[in-house]
Structure formats: structure tokens, C-alpha cells
Amino acid sequence: GDHYMILSCVMTLLCLICGGWMSLLCTLPAIVLALAAQNDDAAGNTAAAKTKGHIALALNIFAVLFHLVIIIIAIVTPIAVVIDGLNKSSYSYSYSYYSCYRD
């Protein structure tokens with residue numbers, strides 16, 4: 001089998017294209033492990049091949065989850081900044097309105 005080599009390569013390409021540079025810390029070792037799993041499988045050591053293949057899959061899943069977290073943070077942070085800015089501007093307006101008529 002390919003022991004998740006295709007998945008690891010596709011994930012690496014997607015990380016390069018989409019700018020998920022930190023995810024490469026997972027996908028590049030996944031390629032190395034998938035290649036080692038293929039070599040172990042060719043040598044007849046199926047137990048080691050299966051273990052390395054599962055680790056490669058876990059690294060790819062972690063890369064996807066990490067990338068999703070980064071995307072969520074990139075979406076939520078600007079929205080939170082805009083909402084915070086709207087709340088502060090309405091507070092300053094109401095404060096200045098009441099301070100003018102306080103006398």
C-alpha cells in the first residue's frame with residue numbers, strides 16, 4: 001500500500017498553496033514516515049509499516065485540525081475587533097452626550 005503517502009503529499013501541497021506553513025511541521029514528517037512505511041512493507045516488516053503508516057495518518061489529521069483552528073482564528077479575530085470597535089464608539093457617544101447635559 002501507499003501508507004498515506006498520497007495523502008501526505010496532497011496535504012503538503014495544500015499547506016504550501018494555502019499558506020499553512022506551520023502545518024508543514026506535521027505533513028513533512030508524515031511524508032518521511034509514509035516513505036519509511038513503504039520501505040518496511042517492501043522488506044516484509046508489516047507491523048512496523050502499519051505503525052509508521054498510522055503515525056503518518058495521525059500527523060496529517062493533526063495538520064488539518066491545526067489549519068482549521070488557524071482559519072477560525074483568522075475569521076473570528078477581525079469580527080471581534082469590529083464588534084469591540086462598535087461597542088467602544090457607542091459608549092463614547094453616550095458618555096459625551098450625557099456629560100454635556102449633566103450641568
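Predicted model: local features only at pLDDT ≥ 70, side-chain atom pairs only at ≥ 80, totals over all residues.
Trainee: Why are H1 and H2 called roughly antiparallel?

Mentor: Start with how such a pair is described: by the angle between the two helix axes and the distance between those axes. Helix H1 (residues 5–18) and helix H2 (residues 24–43) pack at about 160 degrees, with their axes 9 Å apart. The axes are lines fitted to C-alpha atoms over the stretch in contact, and angles run from 0 to 180 degrees between N-to-C directions. Angles under 35 degrees count as roughly parallel, over 145 as roughly antiparallel, 65 to 115 as roughly perpendicular and the rest as oblique. H1 and H2 are therefore roughly antiparallel. Their crossing is left-handed, a term for a near helix turned anticlockwise from the far one by less than a right angle, with clockwise being right-handed.

Trainee: Which residues of H1 and H2 meet?

Mentor: Contact means heavy atoms within 4.5 Å. From H1 come Met5, Ser8, Cys9, Met11, Thr12, Cys15 and Leu16, and they meet Leu24, Thr27, Leu28, Ala30, Ile31, Ala34, Leu35 and Gln38 of H2. These residues divide into 11 nonpolar, 4 polar and no charged. Nonpolar covers Ala, Val, Leu, Ile, Met, Phe, Trp, Tyr, Cys and Pro; charged covers Asp, Glu, Lys and Arg; the others, Gly among them, are polar.

Trainee: What makes threonine 27 buried?

Mentor: Buried means under 20% relative accessible area, exposed means over 50%, and partly exposed lies in between (1.4 Å probe, protein chains only). Threonine 27 has a relative accessible area of 0%, so this residue is buried. Threonine 27 lies in helix H2 and touches Ser8, Met11, Thr12, Cys15, Asn60 and Ala63, leaving aside residues up to four places away in sequence. Its C-alpha atom is 9.2 Å from that of valine 10, 17 residues apart along the chain.

Trainee: How do you know whether lysine 50 is buried or exposed?

Mentor: Relative accessibility is 54% for lysine 50, so this residue counts as exposed. Lysine 50 lies in helix H3 (residues 46–100), and its C-alpha atom is separated by 9.6 Å from that of alanine 34, 16 residues apart along the chain. Asparagine 39 in helix H2 has a relative accessible area of 48%, so asparagine 39 is partly exposed.

Trainee: What is the phi of histidine 3, and where does this residue lie?

Mentor: Histidine 3 lies in the segment before H1 and has a positive phi of about 50 degrees, although it is not a glycine. Most residues other than glycine have a negative phi. With a relative accessible area of 17%, histidine 3 is buried. Tyrosine 4, also in the segment before H1, has a positive phi near 70 degrees. At 30% relative accessibility, tyrosine 4 counts as partly exposed.

Trainee: What percentage of the protein chain's residues count as buried?

Mentor: Of its 103 residues, 20% count as buried. The accessible surface comes to about 7,300 Å², with 74% belonging to carbon and sulfur atoms.

Definitions and conventions:
Residues numbered from 1 in each chain as written. Heavy atoms only, no water. Helix = DSSP H or I, 4+ residues; strand = E, 2+ residues; numbered from the N terminus. Areas by Shrake-Rupley, 256 points an atom, 1.4 Å probe, with all protein chains shown as cover.
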